[in-house]
Amino acid sequence: MAVFNGTPITQFPKDFLWGGATAANQLEGAWNQDGKGPSIDDALPGGKARFAIAGSPDFDWQIDEKKYLYPNHRGIEHYQYFKDDIKLFAEMGFKCYRFSVAWSRIFPQGDETTPNEAGLKFYDQLIDECLKYHIEPVITISHYELPLNLAKKYGGWKNRQLIDFYQRFAEVILKRYSDRVHYWMTFNEINSAFHFPVMSQGLVPSTGSQDFTNIFQAWHNQFVASALAVKFAHQLDLNLKIGCMILYATSYPVDADPLNQLANLKVNQDLNFFCADVQVRGKYPATTARLLREHHVDPQKLTITEQDLQLIAAYPVDYIGFSYYMSTVTDVTHQNAENVAGNLVGGVKNPFLKTSDWGWQIDPTGLRIALNQLYGRYQKPLFVVENGLGAVDKLTVAGKIHDDYRIDYLRQHIKAMLGALNDGVNLMGYTPWGCIDLVSASTGQMSKRYGFIYVDLDDQGQGSLERIRKDSFYWYQKVIKSQGQEI
Ligand code: BG6
């Protein structure tokens with residue numbers, strides 16, 4: 001009997017989770033309806049300057065509609081249109097749909113003891129609507145949408161009390177939905193606090209984002225909270241799968257100079273692996289001491305108890321969800337190397353790659369490398385829960401969107417995933433980001449579109465909200481139907 005299968009894999013497994021991904025704060029709208037409280041995202045102005053504004057020392061989280069436009073307040077009104085939207089996902093053949101539950105819809109201020117029933121009911125309906133079409137719901141518990149009160153009153157995730165608030169929230173929704181929802185993730189892009197502590201930790205300069213001690217403490221609190229959610233989920237039902245979710249950007253050294261090789265090794269250890277190491281292996285990696293030293297953190301100032309470490313060790317995640325949009329290049333030896341403008345994770349320009357309209361370096365092979373690196377390191381199932389091309393789409397006079405550039409991007413990435421399956425990687429599924437156009441997280445724009453479905457709404461919030469199938473809609477439908485053979 002042959003131990004190894006010599007036949008190349010030409011299609012994705014039958015149970016592969018094809019689908020799409022969104023987040024509550026970026027599409028639901030209804031920001032203050034049916035008891036929902038404001039979230040940090042509701043206080044972020046739209047436009048490319050949103051992080052520059054939030055990063056100014058006097059940013060005070062006041063919502064001032066006379067001064068700024070807040071596109072997240074309206075989203076794409078998915079709160080009203082969810083049945084139509086899910087019907088379109090079903091038409092594409094989705095096997096799963098990744099969405100997040102808005103914490104501020106369930107606990108409007110974050111620190112209440114009783115949940116908001118109207119909020120819970122909304123997700124009951126959303127889940128039931130998915131199940132009607134045999135679409136498996138995949139829930140992100142916390143996706144860039146901390147209740148604003150927890151940022152303002154408690155200072156965000158650096159405050160240990162948030163562990164209790166999160167635990168309450170996670171337990172309420174796990175208990176309510178676990179009979180119908182089998183796949184969960186604890187925190188969206190938990191490692192993104194290296195770049196954006198505002199979204200993932202509710203920290204801005206005035207609440208301490210300039211001090212890495214706060215960012216690290218916030219992570220620690222999130223690791224404990226994540227472990228508690230895993231514990232509770234498995235107590236409820238051992239069949240529930242609960243994962244972490246990290247932002248992964250493949251990083252290359254610019255050349256063979258050992259100095260660049262070493263610098264790149266550290267970039268990977270910190271940006272790509274640090275959080276996953278803790279959540280997957282259940283312990284802080286040996287590189288943590290260096291990470292703290294390099295960021296001038298005095299370990300005495302951190303609150304980390306024995307009990308915390310035991311929890312983290314006892315309840316690692318079941319799988320690794322990750323987003324993949326781009327790769328980056330590390331260069332510490334060339335003073336004048338050109339940085340790549342707009343690349344979310346920075347780095348220098350890679351002459352072998354093209355960039356998106358927003359400057360993100362497009363690199364499908366980097367996804368195959370990412371899958372191999374993650375699987376080789378952790379040997380846990382992987383789930384690509386975000387990937388896609390943010391681009392400007394043009395509606396033709398005939399009412400069509402010919403987005404061949406998006407098809408090409410996704411095709412190359414799907415081929416890379418098939419390559420990784422042939423490399424021996426265990427990959428559970430693929431949920432391209434923003435399967436329906438929604439508000440961009442980094443820029444608050446509608447014009448940065450990812451969807452298979454066009455939504456008629458512009459950056460000023462004007463438009464009919466009509467949903468229109470793009471060319472990529474029909475293409476993805478075929479991909480799913482053929483299990484990835486017709487791409
Ligand atoms: C990820 C986030 O960083 O990338 C999403 O999890 C986000 O919330 C997505 O929308 C794409 O980024 P952007 O800034 O183009 O919306």
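Modeller: What follows starts with the ligand and then turns to a pair of helices and the loops beside them. Keep in mind that this is a predicted model.

The ligand first. There are 14 residues around the ligand, and those that come nearest are E189, A441, S442, K448 and Y450. Sorted by type, this shell holds 6 nonpolar, 5 polar and 3 charged residues.

Some side chains can be followed atom by atom. In S442, one of the residues that come nearest, an N or O atom of the side chain lies 2.4 Å from an oxygen atom of the ligand. For E386, the distance from a side-chain N or O atom to a ligand oxygen is 2.8 Å. For the side chain of N188, the corresponding distance to an oxygen atom of the ligand is 2.9 Å. How much of the ligand does the protein cover? On its own the ligand has 380 Å² of accessible area, and the protein covers 97% of that.

Now the helices. Helix α3 spans residues 78-92 and helix α5 spans residues 117-132. Their axes come within 9 Å of each other and cross at roughly 10°. An angle under 35 degrees counts as roughly parallel, so α3 is roughly parallel to α5. On the α3 side, the contact is made by H78, Y79, F82, K83 and I86. On the α5 side, F122, Q125, L126, E129 and C130 take part. Taken by type, the residues of this contact are 6 nonpolar, 2 polar and 2 charged.

Last, the loops beside these helices. E77 is placed in the loop between α2, residues 50-54, and α3. The phi angle of E77 is positive, about 55°, although E77 is not a glycine. H134 is placed in the loop between α5 and β3, the latter being residues 136-142. Phi of H134 is positive too, near 60°, and H134 is likewise a residue other than glycine.

To return to your request: the protein covers 97% of the accessible area that the ligand has on its own, and S442, E386 and N188 each have a side-chain N or O atom at the distances given above.

Notes
Residues numbered from 1 in each chain as written. Predicted model: local features only at pLDDT ≥ 70, side-chain atom pairs only at ≥ 80, totals over all residues. Heavy atoms only, no water. Axes fitted to C-alpha atoms, helices over the stretch in contact; angles between N-to-C directions. Helix = DSSP H or I, 4+ residues; strand = E, 2+ residues; numbered from the N terminus. Parallel < 35°, antiparallel > 145°, perpendicular 65-115°, else oblique. Contact = heavy atoms within 4.5 Å. Nonpolar A, V, L, I, M, F, W, Y, C, P; charged D, E, K, R; others polar. Near = heavy atom within 4 Å. Polar contact = N/O pair within 3.5 Å; in protein donor to acceptor, adjacent residues only side chain to side chain. Areas by Shrake-Rupley, 256 points an atom, 1.4 Å probe, with all protein chains shown as cover.
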